[in-house]
Each structure stands twice: as structure tokens, then as C-alpha cells.
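Student: I would like to work through this protein step by step. Can we take it as questions and answers?

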Amino acid sequence: MTSPVVSIAYHSGFGHTAVLAEAVRAGAADAGAEVHLIKVDQITDEQWQTLDASDAIVFGSPTYMGTASGAFHAFAEATSKRWFGQDWKDKLAAGFTNSASKSGDKLHTLQFFQTLAAQHGMTWVNLGLLPGWNASTASENDLNRLGFFSGAAAQTNNDQGPEGVHKADIATAGHLGRRIAETARVFAQGRAAA
């Protein structure tokens, strides 16, 4: 059986989200996927074709002013060409985001990704983790320390660069990468058996 193809379509304004994209890539690759990192603000025709040929697309963006970045919104609008033909129908989708605040309205960004995926007829893959760091015996180093279910969410202090992305958030993004690759493999096996 061939490896699932996972593409990570993301925008990173200051490098923090790029750290998470790399963690998603590493997690998916560790799970046996062929993985492509695609910066949506520099996307080429060849990369559009890569997205079209992918089994799963993971969306990533910082959360700015309560939603995905302007660059990611421009990419989302450009996907309308794929929407008309339902070119991404039945692909898997997932998402990740980062902001400086613990909440920072990151849920809205993940919901924006979910709606984009739904409009394309894609199937959303959630994080699949219980929340961490929510008991007196828990730690800020737990996976899913911020307690998001829809996707991987990270918090980085606004006075730190990419090196300040929390290790637990990087590990959570890696978990998301593994989960999307493993889910893509299961879906491919189901299609082959049908």
C-alpha cells in the first residue's frame, strides 16, 4: 500500500506557526506519510496541484484579531476554484493555530478552517486528545495543555520569537500530524476494500 499524502497549507507571520507546521510535518512523516509543506502566501501552480493530489490537507495560520491571517484568508478565497469542481471532496482536513494569549480566540480560527473544509466537502479530523493541564496534578508540559479539541492550538508570548513556542504545543502539533497520517491510511484502506 502506498503512503498517504499529507500537505500542510499554512501561513506564518513571524515564524511561530512555521515551527508548528514543521512539527505537524514531522509527526505525519513519522507515521509514514509523504508530506509537503506549502506556504500559502508563496503558493505556486505546482503546489496547487500537490494539494489537489493530497489525501489530507492540514490548514495552519496564526490567529490575528480573532481569525486566521489575511494571507491565509486570501488563500482560502483562492480555493474557490477547487470548490466549484468539488476537487477536494472527501479529502481529510485538520488545522492548527498560534496566538500570544492563552485563548486569543484561537477557537474561531479553527472553526474557520472547519467551515472551509466543510464547504469543500472534506472530512475534519480533530485532535483526539483530552485536555491537559486542567488538574492540580497536571503540568503545563502536558499534551493539549490549552485544552482544544478541534485542532492543535499553541500559545507563544508576544515578546518571544519562534524559539519561544512551547515544547508541549510543538508536541501537540506533532500528535496532530501523526493522527492525520494514520487516519488517511485507514481511509485509503477502506476505499481499497470497497
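Student: Is D52 buried, partly exposed or exposed?
Tutor: Buried means under 20% relative accessible area, exposed means over 50%, and partly exposed lies in between (1.4 Å probe, protein chains only). D52 has a relative accessible area of 27%. So D52 is partly exposed.

Student: What kind of model is this, and how are residues numbered?
Tutor: This is a predicted model, where local features need pLDDT of at least 70, side-chain atom pairs count only at pLDDT 80 or more, and totals for chains, interfaces and linings use all residues. Side-chain values use heavy atoms, with hydrogens and water left out, and residues are numbered along each chain as its sequence is written, from 1.

Student: Which residue forms a salt bridge with D52?
Tutor: A salt bridge here is a side-chain nitrogen of Lys or Arg within 4 Å of a carboxyl oxygen of Asp or Glu. The closest N and O atoms of this pair are 2.9 Å apart. The partner of D52 is R82.

Student: How far apart in sequence are the parts that R82 and D52 tie together?
Tutor: Helices (H or I, at least four residues) and strands (E, at least two) are DSSP runs, numbered from the N terminus. R82 sits in helix α4 (residues 80–85), and D52 sits in helix α2 (residues 45–53). So the pair ties together parts that are 30 residues apart in sequence.

Student: Is R82 buried or exposed?
Tutor: The relative accessible area of R82 is 14%. That is below the cut-off, because buried means under 20%. R82 is buried.

Student: Which residue meets E22 in a salt bridge?
Tutor: Both partners lie in helix α1 (residues 16–30), three residues apart, about one turn of the helix. E22 is partly exposed at 33% relative accessible area. The N to O distance is 2.7 Å, and the partner is R25.

Student: Where does the salt-bridge partner of D169 lie?
Tutor: D169 pairs with R145, with the closest N and O atoms 2.8 Å apart. Both residues are buried. D169 is in helix α6 (residues 167–193), while R145 lies in the loop between β6 and β7.

Student: How many salt bridges are there by this rule?
Tutor: E22 and R25 form one of them. R82 and D52 form another, and so do D169 and R145. The count comes to three.

Student: What distance should helix α5 span?
Tutor: The expected span is 1.5 Å times one less than the number of residues. Helix α5 (residues 106–119) has 14 residues.

Student: Within what arc do the buried residues of α5 fall?
Tutor: The buried residues of α5 are K106, T109, L110, F112, F113, L116 and A117. The arc is that of the directions from the helix axis to the C-beta atoms. Seen down the axis, these residues line one face of the helix, because they fall within an arc of 150°.

Student: How many residues does the largest nonpolar core have?
Tutor: A nonpolar core is a set of buried Ala, Val, Leu, Ile, Met, Phe, Trp, Tyr and Cys residues joined through side-chain atoms within 4.5 Å. I8, V58, F96, L176 and I180 have the most contacts inside the largest one. Its number of residues is 27.
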